[in-house]
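Hi,

Here is the structure I promised to pass on to you.

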Amino acid sequence: MRILGNSYAIIAILMGGALALLAKEASEVPPFLLLAMCFFIAALIMPLLNIVCRKTSVEKSQFKWVEGGIGMTCLLGFHACYFIALDYAPVIEVSLIGYLWPMLLALLVAKKGKKLQSFVGGCIGLIAVSVVLGWDNLSFGSQYFIGYVLALTCAVLWAFYSWYLSNNQSSSSDMSWQCLGVAIGALAISTMSEPWMFELSWSVVLAIVLLGLGPVGGAFYLWDAGLKRGDKSFISSLSFSTPLLSAMFLSLFGYVVWSSLAA
């Protein structure tokens, strides 16, 4: 059971590494409208899988509104802050700050006496990524303060959400309802606050679909299953690879340049 759960988490982490790249590719779409599109795709994943697998029996829903509300708030808050942060700060800096969540999660799930070890491990991981990217490629500045705050909010929200998932017994069908709730909420906010004037190219459409199937969709189900069935400490340790994966994807598509130290 733990091996399967750990495998789910590994796939979710790989998907999560592509979040910054795909979000940047779809950045022409207003943030809340983009969220609505992605989460609507995410909400369809489990029902479609049930149809494909020809499941005639429907799992009895035991959706709890308090747990669902916390989940929807964290999902909407995290992704809204992340997408908006990309408009206020460079993508790599947003990713590095946003991916402080593995360190925070490790602190939350670490056993007594190992919290300092988890904190030091997280700091070493972030420093290593910064060295690989090259300090010259990082442009932390006061003009990006709003973006940094939003990115830090992302880290806190996702760490709390992950810890919360690992300590409750919600089902996969609950995740579908949460995604649908986020999609409706994001669409409502978008219609009231955002202009729907943007160029919808095929590359943007592809990025939206991949976001919904991957880091802003399919990864949720896998992450949920992984935290419930796998080794929490092991998974939190694996999460430290997320900033490096994100940097690798961004580098492959030309958004950042590797440091000569990595050569």
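**A buried serine and its surroundings**

S162 is buried, with a relative accessible area of 0% (buried means under 20% relative accessible area, exposed over 50%, and partly exposed in between, using a 1.4 Å probe and protein chains only). Before going further, some ground rules: this is a predicted model, in which local features need pLDDT of at least 70 and side-chain atom pairs count only at pLDDT 80 or more, while totals for chains, interfaces and linings use all residues. Residues are numbered from 1 along each chain as its sequence is written, and side-chain values use heavy atoms, with hydrogens and water left out.

Back to S162, which sits in helix α8 (residues 145-166); helices are DSSP runs of H or I with at least four residues, numbered from the N terminus. Leaving out residues up to four places away in sequence, S162 touches L105, W223 and L227, where a contact means heavy atoms within 4.5 Å.

Helix α8 also holds W158, which is buried at 8% relative accessible area. Beyond residues up to four places away in sequence, W158 touches L75, F78, H79, W101, F220 and W223. The C-alpha atoms of W158 and C74 are separated by 6.9 Å, although the two residues are 84 apart along the chain.

**The core**

W223 comes up again here: in the largest nonpolar core, which has 72 residues, F39, Y82 and W223 touch the most other members. Helix α3 gives the most to this core, with 11 residues. Such a core is a set of buried Ala, Val, Leu, Ile, Met, Phe, Trp, Tyr and Cys residues joined through side-chain atoms within 4.5 Å. What does Y82 touch, leaving aside its neighbours within four places in sequence? Its contacts are L19, A20, A23, V94, S95, Y99 and C154.

As for cysteines, C38 is buried at 0% relative accessible area and C74 is buried at 4%. A search of the whole structure finds zero disulfides, a disulfide being a pair of cysteine sulfur atoms within 2.5 Å.

**Salt bridges**

How many salt bridges does a search of the whole structure find? There are two, counting a side-chain nitrogen of Lys or Arg within 4 Å of a carboxyl oxygen of Asp or Glu.

One joins the side chains of D231 and R2, at 3.4 Å from N to O. This pair links distant parts of the chain, 229 residues apart: D231 is in the loop between α11 (218-229) and α12 (232-238), and R2 is in helix α1 (residues 2-16). D231 counts as partly exposed because its relative accessibility is 25%, whereas R2, at 53%, counts as exposed.

The other is between D224 and K228, whose closest N and O atoms are 2.3 Å apart. These two are four residues apart in helix α11, so about one helical turn separates them. D224 is buried at 5% relative accessibility, while K228 is partly exposed at 25%.

**On the surface**

Finally, F40, L44, L48 and I51 make a nonpolar surface patch of about 390 Å². L44 is in helix α3 (residues 31-52) and, at 34% relative accessibility, counts as partly exposed. Patch members have over 30% relative accessible area and no salt bridge, with nonpolar side chains (Val, Leu, Ile, Met, Phe, Trp, Tyr) joined within 5 Å and like charges within 9 Å. Accessible areas come from the Shrake-Rupley method with a 1.4 Å probe, and for residues only the protein chains shown count as cover.

Best wishes
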